[in-house]
Amino acid sequence: MSVCCGVECVVFLGCSRWAWKRCTHVGSDDSETWPLATYDEFEPVPRLCRLILAVYETDIRNPQFPPDGGYRLNPDWVLKHADYEQTLGRSPPYLIYADHDRKEIVMAIRGLNLVKDSDYKMLLDNRLGMQMFDGGYVHHGLLKSAVWLLNEESETLRKVWEETGREYQLILAGHSLGSGVAALMAVVLVNHRDRLGGIPRNKIQCYAMAPARCMSLNLAVKYADVIHSIVLQVRLSIFSPQIVVRLDCEIRIREFRLFVSQDDFLPRTGTPLEDIFKSIFCLPCLIFLVCLRDTFIPEGRKLKDPRRLYAPGRMYHIVERKFCRCGRFPPEVRTAIPVDERFEHIVLSCNATSDHGIIWIEKEAEKALEIMRENKSDSETITVPPKIQKLERLLTIEKEHKDALQKAVSLNIPHASEQVEVEIEIEEMEKEAAETNIAGSPKAKPELSSRGTNWDELVEKLFKRSESGKLLLKKESNSPQIQ
């Protein structure tokens, strides 16, 4: 009897400790050691959020739901505004905008539409280890959408970039579902820069708001100099075709794959999405089993699975709440390129709706930017000149990327390498050689080749051409009509 009581006490204490650690973990704990972001690197985020919000408008000249202060864009500079009728369900609606003041060409992609079957088909078109690209794994459905979108708009983007003197930056921005499409577009573009007239890698940038889990860890780290993921504190939302379930509790779960979120992370569950739909009315049971299972899975084992998908690129974590404190605090932005502990612990929160919404991300990002602006103006009056500060920060960002690549190799992350450093150095050498050749001979032109998968092979693998020459998804080749 005494032995049984002793065993019960041990089990009770063990379960109590486990429950306490999970219930007291908050989203800000994952980034508490990260350095703060600077004004210059975070400055594009609020205005890109406003551009994404503009995609939801039917008439940008007469907006119905503008954010505070309006969209702050010039309607005459909008090159294209595509809705679901124009995309035919192949991708979310998007907007192409030429910002001549800042010398940027922006493609903004909207998030998941809960009433569109095509969006769910895109999400569900994936299996573990289904699609490889550039030495890693990516989300199959989102990659197809990215390739289709590039095939449709690459000529427009190339033409605009060349007409503006080949000086403008190309920025891809997306929210939620659109963030995954934008991130994979950036990866494909970096490997096929000839599609845009040989645009340099350092002129391609991607900003993923509430990022989708769309690429393996080696790719997420490799493209951290191109892709920036913005995360707003704590939330979890689980999508189904008819209802949205939000959990009003503060517990910690390890690993949800596909599209369940922590801290504005859409894909977080190792459980297939269709199983979540089946378990929607017994979700607490599913959550408990996932927690219990992941308690006994070591971190190293998960890192060594090359098929697991992660949120892409460099992380920017907007922190505005504290443990056991009510309300929101002045937001601060932390940034890093994490390798291990890359937001693998899901925090369920009663702020599920607001923390994922692009409206709240825009508001909190604007507040954080205003605080950074004030701090920057104060520091400029008493410390080093801003040009030196900016140069030092650029060198720090480059060093953080190299350190992350080296750490990924040291942790034996599958397919991880430091090859991206060599590629960047080669691009710089090509650029210098091109300038020399152009100075010596006006007809000389640098030959830029794609170092990734061949574009035609990629298109043929994902699509099938109809008799009229239009691209059709392979699953839809027999029934070309899309609902």
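**View 1. Two aromatic pairs turn up in this structure.** Rings of Phe, Tyr and Trp (its six-membered ring) count as paired if their centres lie within 6.5 Å; planes under 30 degrees apart are called stacked, over 60 edge-to-face, and the rest tilted. This is a predicted model, so local features need pLDDT of at least 70 and side-chain atom pairs count only at pLDDT 80 or more, while totals for chains, interfaces and linings use all residues. Residues are numbered from 1 along each chain as its sequence is written, and side-chain values use heavy atoms, with hydrogens and water left out.

View 2. Helices (H or I, at least four residues) and strands (E, at least two) are DSSP runs, numbered from the N terminus. Phe42 counts as buried because its relative accessibility is 0%, and Tyr316 is buried too, at 2%. Buried here means under 20% relative accessible area, exposed over 50%, and partly exposed in between (1.4 Å probe, protein chains only).

**View 3. Trp77 and Tyr97 make another tilted pair.** Here the centres are 6.4 Å apart and the planes 45 degrees. Trp77 lies in the loop between helix 3 (44-55) and strand 1 (78-82), and Tyr97 in strand 2 (residues 94-99), so the pair ties together parts 20 residues apart in sequence. Both Trp77 and Tyr97 are buried.

**View 4. Tyr39 sits in helix 2 (residues 39-42) and reaches across the sequence.** Tyr39 counts as buried because its relative accessibility is 19%. Leaving aside residues up to four places away in sequence, Tyr39 touches Leu369, Met372, Arg373 and Lys376; a contact means heavy atoms within 4.5 Å. Tyr39 and Lys376 are 337 residues apart in sequence, yet 7.2 Å apart in space, C-alpha to C-alpha.

**View 5. Two lysines sit over aromatic faces: Lys116 on Tyr84 and Lys363 on Trp360.** Lys116 is 4.9 Å from the ring centre of Tyr84. For Lys363 and Trp360, that distance is 5.1 Å. A charge sits over a ring if NZ of Lys or CZ of Arg is within 6 Å of the ring centre and within 35 degrees of the ring normal.

**View 6. Helix 7 (residues 177-191) is mostly covered.** Of its 15 residues, 15 are buried. Helix 7 reaches 22 Å from its first C-alpha to its last, close to the 21 Å expected (1.5 Å times one less than its number of residues).
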